[in-house]
Structure formats: structure tokens, C-alpha cells
Amino acid sequence: QRLDTIYAETKALIKKHRPHKVGIEQLFFAKNVTTAFSVGQARGVIYLACHQASIPVHEFTPLQVKQAITGYGQADKVQMQKMIKLLFKLKSTPRPDDMADALAIAVCCAQTKQFRTK
């Protein structure tokens, strides 16, 4: 049921916004295999919805995102949030914390030509 909801919501977002491409952070979980499987399943239905709409998906490693946003691949979460706030000329740091991550991936995706499409 969770995957069906993710799939339906992704399709609705695609229909509403008609993106030309989609960016996703590359999956990396070294410790929690259960979480990795759950996230992998969710990513799979997002990929399916994009594929069915003929929208290319670009994957970015955390290192690529950090380098693109801060110029430093080892930037911490606070540095990333501050740069996103500056780049988007926001009055405050995006909340929840994942919002800054999503905006950072969007910036990477907007700049893609040098990263591989999956």
C-alpha cells in the first residue's frame, strides 16, 4: 500500500509539473539493510513512474551533490543548508532538513550534462 501511494503521488506530480528530468540521490546504506530495502523499493516505483512518462532520471552521489553546492565534497549538513539558503535567497533555512537535500539535488539535476543518466 505504501508503494502504491508513492507511485500514485509521483505520477500525479509528473502530470502536474511535467518535468523534463528527475534527480535522485544515489542509494547508500552501509549499516541498516532493512532501511536500504525499503528505500530501494520506493526508488523503484519512482523510477517506474518516470520511465512510463519517458522522463530521464539522473542519480547523484552525496559527494557530487556536496561538491556542486558547496565546492567541497565533505561539507556537513549545516554547510549545505546555508548554501541552499543563499542560492535560493531564502529568509530561513528550509525545513524539514530533507527539504534542503531535495533542493540541492534539484540544483544538481538542473546542471546535468556531466552526470550519467540511469
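Visitor: Where does S54 lie?
Guide: In this predicted model, S54 lies in the loop between α2 (33-52) and β2 (57-60).

Visitor: What is its phi?
Guide: The phi of S54 is positive, about 60°, although S54 is not a glycine.

Visitor: Is S54 buried or exposed?
Guide: Exposed. The relative accessibility of S54 is 64%, and the cut-off for exposed is over 50%.

Visitor: And R18, where is that one?
Guide: R18 is in the loop between α1 (2-17) and β1 (22-25). R18 also has a positive phi, near 45°, and is a residue other than glycine.

Visitor: Buried or exposed, R18?
Guide: R18 is exposed, with 64% as its relative accessible area.

Visitor: Switching to the strands. How do β1 and β2 run, and how many bridges join them?
Guide: They run parallel, and 4 bridges join β1 to β2.

Visitor: What stands opposite H58?
Guide: G23 is the residue opposite H58 of β2.

Visitor: Which way do the residues of β2 point?
Guide: V57 and E59 point one way from β2, while H58 and F60 point the other way. These four residues, V57, H58, E59 and F60, are all buried.

Visitor: OK, α4 now. Which of its residues are buried?
Guide: The buried residues of α4 are M80, Q81 and I84. Viewed down the helix axis, the buried residues of α4 fall within an arc of 100°, so they line one face of the helix.

Visitor: What do they pack against?
Guide: The buried residues of α4 pack against α3 (62-70) and α5.

Visitor: And what is on the face turned away from the buried side?
Guide: That face of α4 carries K82 and L86, which are exposed.

Visitor: What happens at the start of α4?
Guide: A side-chain oxygen of D76 comes to within 3.2 Å of the backbone nitrogen of V78 there.

Visitor: Last topic, the peptide bonds. Is the one from R95 to P96 cis or trans?
Guide: The bond from R95 to P96 is cis, and its omega is near -5°.

Visitor: Where is P96 found?
Guide: P96 is in the loop between α4 (77-87) and α5 (97-110).

How values were computed: Residues are numbered from 1 along each chain as its sequence is written. This is a predicted model: local features need pLDDT of at least 70, side-chain atom pairs count only at pLDDT 80 or more; totals for chains, interfaces and linings use all residues. Side-chain values use heavy atoms; hydrogens and water are left out. Helices (H or I, at least four residues) and strands (E, at least two) are DSSP runs, numbered from the N terminus. Buried means under 20% relative accessible area, exposed over 50%, partly exposed in between (1.4 Å probe, protein chains only). The arc is that of the directions from the helix axis to the C-beta atoms. Contact means heavy atoms within 4.5 Å. A polar contact is a pair of N or O atoms within 3.5 Å; within protein, one must be able to donate a hydrogen and the other to accept it, and residues adjacent in sequence count only if both atoms are side-chain atoms. Two strands pair if DSSP finds at least two bridges between them.
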